[in-house]
Amino acid sequence: MSGALDVGISGLRAAQIGLTVTGHNITNASTPGYHRQEIVQTANTPVNTGAGFLGTGVNVDSVKRVYDEFLDLRVQTAQTQSSYLETFSAQISQLNNMVADPNAGLSPALQQFFQGVHDVAANPASVPSRQSMISSADAMVTRFQALNQRFVEIREGLNAQVTASVDMINSYARQVAELNNRVVIAQASGSGQPNDLLDMRDNLISELNKEINVTVVRQSDGAYNVSMGMGQALVVGSQPYILTAQPSLDDPSRIDVGYQAGGGQVFYLQRESLNSGNLGGLLAFRAESLDTAQNSLGRVAIGLAQTFNDQHRLGQDLNDAIGDVFFNVMGPSGASGPNAVPSAKIIPNVNNNDLTPGASPTVTLSDVSKVTTSDYNLSYSDGSSSPAGYSLIRLSDKASLFTPPVVVAPGAQIGVVDGLTITAPTTAPANGYSWQIQPTRYGARDIGVAIHDTAKVAAAAPIISQIDNSSHGGTGNIGTGTISAGVVNPPPPTNAALQNKVTIAFIDATHFSVTDNTTSTVLAASVVYSPTTGATVSYNGWTTQLNGAPETGDSFTIGPNAKGVADNRNALLLAGLQTENKLAGGTASFQSAYSQIVSSIGVKTRDINVTAQAQASLVKQSQMAQQSLSGVNLDEEAANLLRYQQAYEAAGKMMQIASSMFDTLLALGQ
Amino acid sequence: MRISTSTIFDLGVASIQQQTTTLVKIQQQLATGRRILTPEDDPVGAARVLEVSQSKALNQQYDVNTGSATSSLGMEETALESVGNLIQDVRTIAINAGNPTLDHNNLASLATDLRGRYQELLGIANSTDGNGQHLFAGYKGSTQPFSESSPGTVAYNGDQGQRLMQISPSRQIAVSDAGSDVFMQIKNGNGTFVTAAPVDPVTKISTNTGTGLINTGNVIDPVKWAAVADKNLTLVFNVDNLVIPSVTTYDVTDTSGDSVFTGAPSAVPYPHTYTSGSTIDLTSAPPDYGIQFAVEGAPANGDTFTIKASTNENIFTTLHNLITALETESGTGLANKLNTALTNLDNSLDRALTVRASVGSRMKEIESVKSTGEDLALQYEQTISNLQDLDYAKAISDLNRQQVGLEAAQKSFMKIQGLSLFNFI
């Protein structure tokens with residue numbers, strides 16, 4: 001009887017626990033990271049009686065978490081990659097939207113500017129036309145700077161997000177460490193698994209995985225050791241380790257991720273080790289898309305400024321002076337100004353500990369057509385740990401450009417590569433000094449218009465070649481020879497003797513001499529001329545064509561183009577720059593270089609979005625698999641409620657019957 | 001297989017969101033009319049749109065340039081037309097002046113008329129476009145090209161530059177002509193050599209006393225004439241009055257006084273007999289100069305004529321010489337000078353007409369380039385539209401389909417989440 005009562009009580013208890021657990025499942029159905037719990041019932045040890053072994057009821061052994069380590073791990077792995085792609089996608093969408101509207105991008109401003117140049121070519125002496133060209137140049141420069149400003153804003157936003165992500169990682173690590181402590185204590189007490197604590201900890205690990213890919217090693221005492229990247233430990237037992245977000249050594253305007261090992265020293269983490277999760281997405285976007293896009297825009301700006309300046313300096317303005325620089329570009333001192341050759345930005349590594357100007361190399365963009373969109377790293381070794389000399393690495397493909405390292409004296413030229421001329425610092429560097437070279441990063445920021453005086457627009461050419469109408473004693477040429485108007489030879493600056501008066505005199509129908517009248521020197525005593533093919537004559541920095549059949553005594557003059565205000569030769573050449581391929585090794589015009597930026601952003605965005613979609617469906621699938629095992633189904637719980645309720649009622653009824661049986665026994669004695 | 005409650009909700013919401021996203025995108029496309037909302041939609045297409053837009057804008061610029069070129073050339077053509085008409089008028093006056101019945105006063109009034117025309121010509125040559133730039137000054141647009149230092153002496157202050165304009169990607173066309181070409185560098189005589197009656201070096205009045213009139217002459221063999229070393233020839237006449245009727249003979253001498261026919265110093269009697277109007281032939285050896293000319297009338301004894309290589313004479317000098325001749329000469333002297341003037345006026349007219357024809361042909365070329373440009377503009381529009389514009393029919397049908405999909409997702413979700421065992425407990 002007491003046996004029956006005991007059995008009843010055990011049943012009641014089991015049903016009670018079952019109901020509680022079912023209720024816990026129902027209330028936690030939407031808790032993130034919750035794994036449904038079940039009770040594990042076992043029958044009690046039977047007792048040996050005269051009638052055989054009698055069961056003694058039920059016992060609830062434990063409350064089990066329905067948890068499959070591998071399903072959970074699959075979800076986390078898929079999740080970390082998905083976070084990476086989603087973050088990258090969100091960031092690159094900013095770039096995508098920036099270049100989305102064709103009317104808000106660079107193209108309309110670029111076209112307007114060249115329309116202004118065409119206007120000057122049509123009306124070279126007209127002040128309003130010149131003013132409109134200068135104004136449209138100003139507008140184009142403003143557009144460059146506005147686009148660059150967006151890049152700067154995105155970059156600053158990114159820095160803030162990296163810092164926020166690192167803070168979150170640190171916070172999660174701290175919480176995991178604390179939970180480790182509680183789990184270890186709870187497990188040590190020996191009363192089963194602290195399921196909800198375990199759920200919380202697993203959830204934290206899952207959230208941490210969204211930020212950065214982590215690996216978990218389960219310890220025997222129940223603690224989780226968490227490590228990330230290339231094996232740096234984030235949590236060991238109840239000890240968390242700190243990540244820091246601080247300015248990069250190579251470029252203080254970038255926030256990089258550092259790892260604080262024991263002892264307080266901070267190691268910078270390579271980007272390659274942080275290649276997934278939210279943080280990985282941010283860093284990858286910055287290095288692969290943002291830097292390249294900003295450098296490409298800068299290259300368009302510098303390319304346009306430089307080629308335009310070069311042609312402008314071969315022309316003549318309304319004051320009969322040789323043309324000045326039209327656009328401002330960054331100079332060696334880092335300031336934007338009417339510099340003849342643009343300079344690259346040099347950032348000394350923080351460890352160099354030497355910011356004096358002479359301690360950095362100077363890098364100029366001597367051939368803009370060959371400049372790439374990559375940054376470079378120059379380093380110096382004095383031979384103690386690696387071969388001595390200067391080495392250069394191109395950061396886009398990690399190619400080493402000076403092998404073996406170049407040894408030069410301070411101030412001497414180290415080399416010319418990718419359109420850059422690199423000159424060694426004037427003070428000798430110490431071992432291990434390095435500098436980051438950013439040739440085009442600030443191109444769009446630093447471009448400016450140097451000329452605002454309409455008279456200084458150089459639309460004319462400085463020289464004019466003409467038929468000499470005073471030949472033959474003043475009656476002019478007899479033959480049918482013609483001479484072309486003349487072109488100034490690039491590159492600038494113009495030859496010092498360019499505007500000397502030069503005479504081409506025909507000794508006979510097939511020979512001519514060339515004399516510089518200003519210096520009274522004979523440049524060529526007798527040059528052969530063929531009337532059928534003409535001749536190209538080039539001296540003192542100009543070139544002109546002779547054609548037709550001149551007679552003996554005919555002559556032609558080349559001299560300064562004084563007061564030539566209606567001359568538009570240089571303006572025509574400037575306008576022609578719009579369609580010439582002056583960038584990327586002679587394969588791209590300014591417009592096509594910009595179009596390339598747009599299309600590569602579009603391609604990358606689409607790429608990332610397609611992959612993100614695919615990854616998202618992978619995440620969903622693995623989540624479904626995990627949930628199908630560990631998720632709460634309310635219908636199932638409802639059924640369980642009924643079951644345990646009935647079990648309780650049945651057990652209660654049994655106790656009632658056992659009690660009434662006892663009453664019957666007691667009543668026997670009456 | 002189990003499915004947890006949160007999975008039911010998550011999947012339902014996810015598919016509704018997906019449908020909504022696609023629906024919103026189509027709605028954006030419809031609202032902007034663009035198929036390419038961001039470069040992500042079609043990266044290659046987006047880049048191509050930018051490129052074609054530049055080509056379209058350039059084409060428009062060339063169109064503007066053709067307008068500007070047409071207007072510059074139009075102004076020049078008008079000026080040249082005026083010049084041509086003026087020269088025609090002057091020719092008429094010169095021919096009138098040949099009427100022997102006109103007396104000194106008539107000639108003087110003709111001369112006054114011509115003085116007016118001279119100033120008019122100077123004005124046309126110095127004409128400007130609407131912006132104060134001179135049409136015929138070459139590159140020196142702000143400098144007045146023609147200035148008169150003393151009556152009849154006009155200097156050209158411009159240069160020989162010809163302004164070009166880009167009217168298509170591969171064509172630069174000249175939109176101006178230098179004044180030196182139009183007005184200054186015009187060969188006198190027949191273009192190769194010039195004949196004239198001699199004048200007194202100080203008074204510039206004819207010195208011949210007879211009535212001989214020399215014509216312009218023609219070049220039979222230009223190569224032979226070009227090879228002549230001494231092109232300064234003199235035609236001399238001798239009238240022998242000792243015989244009745246008198247016999248006139250002529251000789252042609254070079255600068256050293258040698259006869260070109262004999263090679264020996266020229267002496268009376270001259271080798272050739274003169275008949276009025278017959279050709280004086282220098283085409284068969286000796287000498288083999290390749291030229292011939294003719295004199296008609298009755299030259300007096302000792303009358304001479306000069307034959308020289310053509311030089312450049314500007315139109316103002318021609319006009320001035322004509323005016324002076326009308327005011328100071330008479331009789332044969334006037335007649336000879338009128339001949340010279342008419343020849344030179346013809347040359348000037350020729351030059352003006354040639355330049356005008358060249359302007360005309362340039363304008364024609366500009367027109368045809370302009371119409372090609374207009375066709376190109378249409379093509380560019382078409383290309384951009386194909387790349388960028390939305391196919392409304394397809395988009396609207398997509399929109400309807402998406403709407404149906406979204407509604408279905410939403411309704412089915414509501415139905416499913418309404419099913420729960422708790423409703424029956």
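## Basis of the model

Residues are numbered from 1 along each chain as its sequence is written, and chains are lettered from A and ligands numbered from 1 in the order in which they are written. In this predicted model, local features need pLDDT of at least 70, side-chain atom pairs count only at pLDDT 80 or more, and totals for chains, interfaces and linings use all residues, while side-chain values use heavy atoms, with hydrogens and water left out.

## Interface between chains A and B

Chain A contributes 65 residues to the contact and chain B contributes 53 residues, where contact means heavy atoms within 4.5 Å. The buried area is about 4,900 Å², with carbon and sulfur atoms giving 55%; buried area is the accessible area (1.4 Å probe) that two parts lose on being put together, summed over both. Across the interface there are 26 residue pairs in polar contact, both residues being at pLDDT 80 or more. A polar contact is a pair of N or O atoms within 3.5 Å; within protein, one must be able to donate a hydrogen and the other to accept it, and residues adjacent in sequence count only if both atoms are side-chain atoms.

On the side of chain A that touches chain B, the elements giving two or more residues are α2 (69-98), α3 (107-122), β23 (463-467), α9 (569-576), α10 (590-630) and α11 (634-668) of chain A. Helices (H or I, at least four residues) and strands (E, at least two) are DSSP runs, numbered from the N terminus. The most residues on this side, 17, come from α10(A). By class, the side of chain A that touches chain B holds 25 nonpolar, 30 polar and 10 charged residues; Ala, Val, Leu, Ile, Met, Phe, Trp, Tyr, Cys and Pro count as nonpolar, Asp, Glu, Lys and Arg as charged, and the others, Gly among them, as polar.

## Helix α9 of chain A

In α9(A), 6 of the 8 residues are buried, so the helix is largely enclosed by the rest of the structure. Buried means under 20% relative accessible area, exposed over 50%, and partly exposed in between (1.4 Å probe, protein chains only). The buried residues are A:Arg569, A:Asn570, A:Ala571, A:Leu572, A:Leu574 and A:Ala575. They pack against α3, α6 (277-312) and β23 of chain A, together with β3 (164-168) and β4 (171-174) of chain B.

## Salt bridges

Over all chains, the structure holds 41 salt bridges, each being a side-chain nitrogen of Lys or Arg within 4 Å of a carboxyl oxygen of Asp or Glu. Between chain A and chain B the count is 1 salt bridge. It joins B:Arg2 to A:Glu636, with the closest N and O atoms 2.9 Å apart. B:Arg2 is buried at 18% relative accessibility, whereas A:Glu636 is partly exposed at 28%.

Within chain A, A:Asp202 and A:Arg65 form a salt bridge with the closest N and O atoms 2.9 Å apart. A:Asp202 lies in helix α5 (residues 195-211) and A:Arg65 in strand β4 (residues 58-65) of chain A, so the pair ties together parts that are 137 residues apart in sequence. A:Asp202 is buried at 7% relative accessible area, and A:Arg65 is buried at 11%. In chain B, B:Asp346 and B:Arg91 meet in a salt bridge (2.5 Å, N to O). B:Asp346 belongs to helix α7 (residues 331-388) and B:Arg91 to helix α2 (residues 43-97) of chain B, 255 residues apart.

## Strands of chain A

Strands β26 (residues 502-508) and β27 (residues 511-516) of chain A run antiparallel, joined by 6 bridges; two strands pair if DSSP finds at least two bridges between them. They form a hairpin with 2 residues between them, and A:Asp508 has A:His511 as its bridge partner. β27(A) is also joined to β28 (residues 521-528) of chain A, antiparallel, by 5 bridges, and here A:His511 stands opposite A:Val528.

Elsewhere, 5 strands of chain A form an open antiparallel sheet in the order β14-β21-β16-β17-β18. β14 (345-348) and β18 of chain A stand at the edges, each with a single partner strand, so one side of each is left without a neighbour in the sheet.

## Backbone features

Cis peptide bonds join A:Pro490 to A:Pro491, with omega about -10 degrees, and A:Pro492 to A:Pro493, with omega near 5 degrees. A:Pro491 is in the loop between β25 (487-488) and β26 of chain A, and A:Pro493 is found in the loop between β25 and β26 of chain A.

A:Lys398, although not a glycine, has a positive phi of about 55 degrees; A:Lys398 is exposed at 56% relative accessibility. A:Ser520, also not a glycine, has a positive phi of about 55 degrees and is exposed at 62% relative accessibility.
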